[in-house]
Amino acid sequence: MFDICELHEPGTLEEAKAILAENPGLKVIAGGTDVLIRLQHGSLAGAGLLSLKNLHALEEIVMLGDGTISVGAMAPFTTIFQSGLIRRHVPVLCEAAVSMGGPQVRNVATIGGNICNGAVSADSASTLFALDALLKLETSTDERIIPMGDFYAGPGKVNLRPGELLTAVLIPREGYEGMGGHYIKYAMRKAMDIATLGVAVVCKVREDRFVDLRIGLGVAAPVPIRCFEAEAYAKGKEVTPEVVQEIARLAVKPAKARTSWRASKDYREHLIEVLAQRAVAEAVKRGGGCCAD
Amino acid sequence: MDHNIVGKSVTRLDAVAKVTGKAKYTDDFFERDMLVGKVLRSPHAHAVVKSVDLSRARALPGVAAVFTALDLPKIKFATAGHPWSLDPGHRDVEDRLILTDKARFVGDAVAAVVAEDALTAEKALRLIDIEYEVLPHVLTAEDAMKEGAPLLHENRPGNVVSSFGVQFGDVEAEFGRADHVIEGDYETSVVQHCHIESMSAFAYVDADGRVVVNSSTQIPHIVRRIVAQALGLPWGRVQVIKPYIGGGFGNKQDVVVEPLAAAMSLAAGGRPVRYCMTREEVFIDTRTRHAMKLHLKTAVDADGTLRGIHVQLLSNTGAYASHGHSIAMSAGGKFRPLYDFASVKFEPKTVYTNLPVAGAMRGYGTPQIFFALESHLDDIARRLGIDPIELRRKNLIKVGHQDPLTKNVVRSFGIPQCIEKGMELIRWDEKRRAHLDQKGPRRRGLGMALFAYASGTHPVALELAGARIVMNQDGSVTLQVGATEIGQGSDTVFAQITAEVLGLPIGMVHVVTTQDTDITPFDSGAYASRQTFVTGIAVRKAAMEVRDKVLEVAARRTGLAPAEMDIRDCRIVETALGRVVCSLEDVAMDAYYDRLLAAPITSDTSANVRINAMSYGATFVEVDVDVETGKVEVAEIWNVHDSGTIINPRLAEGQVHGGVSMALGAALLEQMLFDPQTGKALNNNLLDYKLPTILDTPRINAAFVETFEAAGSFGSKSLGECPVISPAPAVRNAVLDATGVAFHKIPLYPQVVFEKFREAGLLAQRSVDHV
Ligand SMILES: Cc1cc2nc3c(=O)[nH]c(=O)nc-3n(C[C@H](O)[C@H](O)[C@H](O)COP(=O)(O)OP(=O)(O)OC[C@H]3O[C@@H](n4cnc5c(N)ncnc54)[C@H](O)[C@@H]3O)c2cc1C
């Protein structure tokens, strides 16, 4: 039994945007795997809901003319994980998708909900950060496309304007083409758990040199972050164990880890280094390089 | 001995009902006009309720009743699921009210609401105004015993529930005589049962004015007594019904929700009220496993002979006694019939603190003490430079051993064979050699640990079991037992015993799986791994009685003497010739309808079992340690058990799978955490409390060494709790083997492992060549 006062279930995106424009106080619900938990705990008591569940057009995953891969905000993680397009071009996103919860959760939890929920532990977020993904946001009158980095405002806070819906996640061609990737979800359990640390790495290696490297971290700071210093350092460098280790060491720099009862700052920073090293080494292998053992 | 059905993997009787969803659990029953009960819980760890204002809550439409301790009889009662003791000195501590007027932990129930639906009830909870006088609180047993510490209960100075202990021999003298005296400190954490089905009951007042409680419980007859005691009713005015239950593990060997559910119904004029806890509530206001601190001091000779041991045990029982000191005492009793110590001094203390209440949980104190002892033995072996298995072998008791305190006699002892089998299965010697001199970031290690356990509680408590059999017209039988099927498979095992004795196929034995205290034979219920052993004896006795009666009727028909006949596969045969003389159905029909001699064949017996049998076993485990992240994974695990005759191998394996997975959770991941400032639970949900998922659970291997236990029916001994005891120390010893780092506390949570590894200098070895 949920404490809600109204429920709208529009059949089209236009309708949904119109309803939201008129009632900006409505709480958007997609798969509900975050919203329903908050309702159950009473923090959304008495809310009115706008459900996106009938907006099937927003579940599509397609490649646009310019090579951008567009993942509809309502695509559940099972769909993403099983998508041939994603498997072919962005396998690292499959890794992130399948690390989510368990099968039942993945069947209903959407990528849009994962991002809009604003959790720093969101498993898709660090990978999308590393992929230089963009977000397409729409209101009944407006549309804007912004980088992931501009969307996260703080723990559980995102820059979603009143009346705005996330409609698609866009992964530009330069974000994924020719890149090897690896996502390590470090959690206490192998399923049904929230990441203690998420490390997403994509990289391009040609003739044993880093052409490009991007690292996204989840749960390393109040919002998902990129490791720009480590990335800049890598560019043009030969792939050697020493370089990979230095990348990992630099990856710790932007982190703002803190101590909580879940893990200490010390441990978190140690993990960033250890896991960044492992993730880069694996991404190098997948990206056509080899990192001499 | 040759058996037809005992020893076979008969499909469990409830398998189809459970997988098809036909099995009905407490929450699947509905009554007309059913109301919902909810509870208001204290936000303070220790606080007196100063004043209450229920008017706003009562005024909310849809609310049927709102009440606090002030509206209830002020009767203190004990909740532990033990048989009643006629000796007042032997009773459980009576320290509980249905709702409390003084909160003793964050989450203590102070008020209740009964409403038309859950949402209304929750809204009403927010409208209850309570003024508290907040008191200082204590969270650790050490703090609770300090002078000037806040007292939780008036009549327990120093917050000590009990410090009763036992000893034999002269341990101090052994310390003087032995070559070495080795000491060690070991600690376990608060864990929870995490049964799938919540704690749930519904109650109503029937047309005769009796209180009827349906509950997910392991102990219906005890629930009846305690509900009556808590409400001040004659015991006969309470009826308790137990349908299928979705796991208990000891948490439901305690009376937690039933008195309140009954009080809710009484407050609502006798209307049916359901009180079902949320998972978050189950974590804080049911029971947990006692966190224990143990100091072990052992007198040992250079050749490894263990001479004496002094065990000091500090048990944190939380805010109310529940099973209290019984659990510490149980711990102290289990290792004695395993290792032949010349002297033992066992000094336990059970202490109140302002934490959720600890109670019975699978193993009943034994996993804690064996974590300490089996870790300690490996530490001793290292100190003395002796192989850990040799050290153990050297000190084992022998068949015929009699415990100097309980006087229980060991009649079957399969430990030597368990050790041999475990070593062979895991390829101990070969792997030990392969693991020498590891340097890298991933290391393997081997560990093992032994355990001993009992079958039931004799001589500590009454072991009474009832069984009733009615033979139907077709020769099939219906069996009723007071013992409860809680998922462990006891109904199936009882059916096998009955079928074996009566020469029936399993399909001809119908077991009434619901217990109803108005109808069901008396039995104290599912706990202490007692049912196959204790109730099995009653069931066998009942079946033998039916067999005798069948053969008497057959004798009337055939003119043969009963002793000349046997029942085989629903037929009466003349034993010597193997000749069929009549069908069992003929006999049953005679018994029902013979105009002169009709008397249906039934038996209604009970067994007061005044004997115990020790069960044994060992865990052998190989771990894979990720030195850099602090994660320990089980690469291979074997639990080898001596539980006497295995009546149903597949069910026995199921017990081992469940028990080992539970133990591995406690060894590696699970612990309830509390805010050290406020005492509030930090992780009372299944996201933050790291119960392992199936992906975290390794393949669990079970093996059995079948001894024959003269005391048990068909030679069987206990198994239910056994598998949960030895895995944690075995894993700990394996990590020691892999890394040289000795852990003294479970769980081996990655954060803690990381800290210890860094302290030990293992992380400095992280180097580039492992990229
Ligand atoms: C058992 C369980 C396990 C979980 N495991 C994981 C895990 O492993 N990793 C992980 O990252 N998360 C996990 N989660 C959290 C959750 O499943 C994810 O965050 C999920 O992606 C949320 O998606 P949803 O569609 O269910 O979102 P909802 O709950 O419907 O919405 C989440 C938030 O996003 C907003 N929102 C949703 N869609 C839109 C939109 N299109 N436009 C604007 N706002 C929108 C909602 O208003 C709400 O604030 C788990 C949850 C549960 C219950």
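In this predicted model, seven salt bridges are found across the interface of chain A and chain B. One salt bridge joins the side chains of B:Lys690 and A:Asp193, with a distance of 2.6 Å from N to O.

On the chain A side, helix 12 (241-251) and helix 13 (265-286) each supply at least two of the residues that touch chain B, and it is helix 13 of chain A that gives the largest share, ten residues. Sorted by kind, the residues of chain A on this side are 18 nonpolar, five polar and ten charged.

Taken as a whole, the contact draws 33 residues from chain A and 34 residues from chain B, and the area buried between the two chains is about 3,000 Å², of which carbon and sulfur atoms give 55%. Within the area that chain A buries against chain B, A:Met188, A:Arg189 and A:Trp261 supply 24%, which is more than any other three residues.

How many disulfides does a search of the whole structure find? Over all chains the number is zero. A disulfide is a covalent bond between the sulfur atoms of two cysteines, and the search asks for two such atoms within 2.5 Å. For B:Cys722 the closest cysteine sulfur, that of B:Cys418, is 11 Å away, and therefore too far for a bond. B:Cys722 is also buried, because its relative accessibility is 0%, and A:Cys203 likewise counts as buried, with a relative accessible area of 0%.

Key
Residues numbered from 1 in each chain as written. Chains lettered and ligands numbered in written order. Predicted model: local features only at pLDDT ≥ 70, side-chain atom pairs only at ≥ 80, totals over all residues. Heavy atoms only, no water. Contact = heavy atoms within 4.5 Å. Buried area = accessible area lost by both parts, 1.4 Å probe. Salt bridge = Lys/Arg side-chain N within 4 Å of Asp/Glu carboxyl O. Helix = DSSP H or I, 4+ residues; strand = E, 2+ residues; numbered from the N terminus. Nonpolar A, V, L, I, M, F, W, Y, C, P; charged D, E, K, R; others polar. Buried < 20%, exposed > 50% of the residue type's maximum accessible area, 1.4 Å probe, protein only.
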